[in-house]
Amino acid sequence: MSPHAPERRWSPSPLLYASAAVHVGAAAAMLARPRAWPWALGAVAANHLALAAAGLWPRSQLLGPNWTRLPSQSGASGRVAITIDDGPDPAVTPRVLSQLAEHGVSATFFCVGARVERHPDLAREIVGRGHHIENHSQRHRHNFSLLGPAGMAAEIARAQESILRVTGSSPLFFRAPAGLRNPFLDPILTRLRLSLVSWTRRGFDTVNANSDAVYRRLANSLQDGDILLLHDGNAARSRGGTPVILEVLPRLLDALAVKQLQPVTLRAAL
């Protein structure tokens, strides 16, 4: 049986508590001393800038829990996680699966719900080969972090339904498009029993066509508990036209083997 995501009650992060206090304090100040309104509005504006900055920092935990590494009990045993985003892509994903199979390792695929619906056989092949598919939103909207609670919840819930319908397994983890989010996300994930995951390091392989540079970013100082990010969907192409992930992944897997680090799925860390 698949592990279950740990159940938790939503509780605002310290930053959200502070934000609420700023708003209440600003309102009280303007009622008590109307001439203080520039200072009160300035405090509220500064608070909103802080919230926006927290949402633009993918590895931030200021807006709620966020896996940037595997839990300590997983890292202690020499395990890392390879996560692959934005697929499935019929031009790339089958070759990624072959490379993983050659090295005998499992990975976590953060898939876009609409792409899972468009390529159901490929999604089922990912799962059939021992990997796991997690939630990367339904359409990978570039304005995801600007959506309100209803729009954000719809994107995530639809992806849950799409992936479950095609693969028979409901995701336990969510990664926001580009890692960007806002304060509405954490209560939605809590309700859907999803854990937010970002990464320890990424290679920027959707925009960097230099596979050597991408590899160095991922392989530098590899250690227990790392969560590494690559892309099979929207992958940049090298000068020869090869998706960068296909040039980087075998080298990365070899480097992990040399360091005796075992790639596992995120679910194994539960």
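These legends accompany several close-up views of a predicted model. Local features need pLDDT of at least 70 and side-chain atom pairs count only at pLDDT 80 or more, while totals for chains, interfaces and linings use all residues. Residues are numbered from 1 along each chain as its sequence is written, and side-chain values use heavy atoms, with hydrogens and water left out.

**View 1. The whole protein, to get your bearings.** The protein has 10 helices and 8 strands; these are DSSP runs, numbered from the N terminus (helices H or I, at least four residues; strands E, at least two). Of its 270 residues, 51% count as buried, where buried means under 20% relative accessible area with a 1.4 Å probe, protein chains only.

**View 2. Helix α9 and its cover.** Welcome to α9, residues 211-219, where S211, A213, V214, Y215, L218 and A219 are buried. Among the elements covering these residues are β6 (201-202), β7 (227-231) and α10 (244-258).

**View 3. The two ends of α9.** At the start of the helix, a side-chain oxygen of N210 comes to within 3.0 Å of the backbone nitrogen of D212. After the helix comes S221, with a positive phi near 60°.

**View 4. A235 in its loop.** Look for A235 in the loop between β7 and α10. A235 is buried, with a relative accessible area of 9%. Leaving aside residues up to four places away in sequence, A235 touches D205 and P243 (contact means heavy atoms within 4.5 Å). From C-alpha to C-alpha, A235 and G87 are 9.5 Å apart in space, though 148 residues apart in sequence.

Key
Buried < 20%, exposed > 50% of the residue type's maximum accessible area, 1.4 Å probe, protein only. Polar contact = N/O pair within 3.5 Å; in protein donor to acceptor, adjacent residues only side chain to side chain.
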